[in-house]
Every structure is written in structure tokens, then in C-alpha cells.
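Keep the picture open and find each residue as it comes up.

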Amino acid sequence: MQPDAIPYTNASDEQLLLSIRLQKPTANAAFSELYDRYHGRVASYCIALLGKQDGNDAFQETFVKFYHAAGRTAVENVPAMLTTIARNVCIDVKRRRKHTVVLDDDTPLRQNTPSSSGNYEQQELMRLIEIGLEYLDFDIREAFVLRHYQDMSYQEIAILTGVPETTVTKRIWRAKERLKQVLSPFINDLNQL
């Protein structure tokens, strides 16, 4: 092991970022460790907002932009920076893509979605929520995803999105109401099985 090499699994985010910023020979390994730590969170966010295909593209673009930014600027909070970059990339993708709804049956909303051996009703409900999210306006969908899939507080969402906390509260409430409205016929059918 090189004298300045860090055992990456035990290194803090700050140590890994320093290795990237200083362009050490170990920068790629440091970036790989940060990727391993945060890829699930970023992927689930992008996919929940954009669907599988666009979400995967946004996920990849997020990490490319993060790598370049980490080499140029000081980063205080890796998860916050990744979420900010992912948000901006998703907004750009949303602006570029046409207004079509793609129903993608195999897109997980979360990494811990029940497996095929899990509860069928839970799987079906998660699939219906995914479909329902496609019908929400981007701002409302984003607030809902950040709160319920990224476990961010209302205050954190307000800071990230640059809107007052009351607006975040309204957006999440609207998302829930709209999801109830869109999904109620499906949920009623599911309950009759």
C-alpha cells in the first residue's frame, strides 16, 4: 500500500474528496468508494422522478458531474451535493424530453422494494405508486420523492429546492391527494382480489 493511500472503506467522505481534489494517484479508487456509498440513493431518486430509462441516464450524468465538481470545488456534504446535482440533471432531462408517460413495469422506486418472493399486494401497490408519480407535475413529484423515498425533512427539501417550507408542505400534500385520486380505482380493485 502506498504511504499516502487511505483504506477507503474506513475513510471519511472528506478524506476521499481530498484525494480526488489533489489529483492523487488514488483519486479513482477514492471516487469508486464514494460511488459505492451513494449510488443507490442517487439512482432511486433519479428513477423515481424520471422513470427507468431517463432516470438511469440522469444517474450516470450526476456522477460524471460530481466527479468533475469534486476535483474543482470544496464539498462539505457529499449526499447534499449529489442530491443537488441529481436534481439539476433531472430538471434538465425533464425539460428536454417530450411530455409522454412511459409505463415501465420493472422500475423499482426504492432499492428495498420487496422481491418477487415478497408480498404481492405490497409489490403491486409500489408499482401503482410509480405509475401514479408519472401523472404528477415535476415539482410536486420531486417533493414527494424527496420526503418519502429519500427521507429528507421538510426543511432540507425547502433548502434544496429553494422554496419556503410551507410550499414544500403544500406540494407533498398535493402529491398525496393526487395519488389518492389517480390510484383509488386501482387500489379498490386490488382490495377486491
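## Two helices crossing

Start with helix H2 (residues 27-50) and helix H3 (residues 52-72): their axes come within 8 Å and cross at roughly 145°. Here an axis is a line fitted to C-alpha atoms, for helices over the stretch in contact, and angles run from 0 to 180 degrees between N-to-C directions. The helices themselves are DSSP runs (H or I, at least four residues), numbered from the N terminus. H2 passes H3 in a right-handed crossing, meaning that the near helix is turned clockwise from the far one by less than a right angle. On the H2 side, the residues making the contact include Phe-31, Leu-34, Tyr-38 and Cys-46, while H3 brings in, among others, Ala-58, Phe-59, Phe-66 and Tyr-67. Contact here means heavy atoms within 4.5 Å. Sorted by type, the residues of this contact are 15 nonpolar, 5 polar and 2 charged. For that sorting, Ala, Val, Leu, Ile, Met, Phe, Trp, Tyr, Cys and Pro count as nonpolar, Asp, Glu, Lys and Arg as charged, and the others, Gly among them, as polar.

A word on the model: it is predicted, so local features need pLDDT of at least 70 and side-chain atom pairs count only at pLDDT 80 or more, while totals for chains, interfaces and linings use all residues. Residues are numbered from 1 along each chain as its sequence is written, and side-chain values use heavy atoms, with hydrogens and water left out.

## The nonpolar core

How many residues does the largest nonpolar core have? There are 55, and those with the most contacts inside this core are Leu-34, Tyr-45, Cys-46, Phe-66, Val-78 and Cys-90. A nonpolar core is a set of buried Ala, Val, Leu, Ile, Met, Phe, Trp, Tyr and Cys residues joined through side-chain atoms within 4.5 Å. Buried means under 20% relative accessible area, exposed over 50%, and partly exposed in between (1.4 Å probe, protein chains only). Among the helices that each supply at least two residues of this core are helix H1 (13-21), helix H4 (78-96) and helix H8 (165-191). The largest share, 11 residues, comes from H2.

Take Cys-90 as an example. Leaving aside neighbours within four places in sequence, Cys-90 is in contact with Tyr-45, Cys-46, Leu-49, Leu-50, Ala-58 and Phe-138.

## Charged pairs

Side chains of opposite charge can pair when their charged atoms come close. A search of the whole structure turns up 7 salt bridges, each a side-chain nitrogen of Lys or Arg within 4 Å of a carboxyl oxygen of Asp or Glu. In one of them, Arg-37 pairs with Asp-13, with the closest N and O atoms 2.6 Å apart. Arg-37 sits in helix H2 and Asp-13 in helix H1, so this pair ties together parts that are 24 residues apart in sequence. Arg-37 is partly exposed at 29% relative accessibility, whereas Asp-13 is buried at 13%.

Now look inside helix H3, where Lys-65 and Glu-61 are 4 residues apart, about one helical turn. These two form a salt bridge with their closest N and O atoms 3.5 Å apart. Lys-65 is partly exposed, at 37%, and Glu-61 is partly exposed too, at 26%. In helix H4, Asp-92 and Arg-95 are 3 residues apart, again about one turn, and their side chains meet in a salt bridge (3.6 Å, N to O). Asp-92 is partly exposed at 28%, while Arg-95 is exposed at 66%. Salt bridges that share partners also join Asp-13, Glu-33 and Arg-37 into one network.

Is Glu-142 buried or exposed? Glu-142, found in helix H6, is buried, with a relative accessible area of 0%. Not counting residues up to four places away in sequence, Glu-142 touches Tyr-45, Leu-49, Arg-87 and Thr-161. Over in helix H8 you'll find Arg-171, which counts as buried at 15% relative accessibility. With neighbours within four places set aside, Arg-171 is in contact with Asp-139, Ile-140, Ala-143 and Val-163.

Last stop: Thr-83 in helix H4, buried at 8% relative accessibility. Leaving aside neighbours within four places in sequence, Thr-83 is in contact with Arg-41, Tyr-45, Leu-146, Met-152 and Leu-160.
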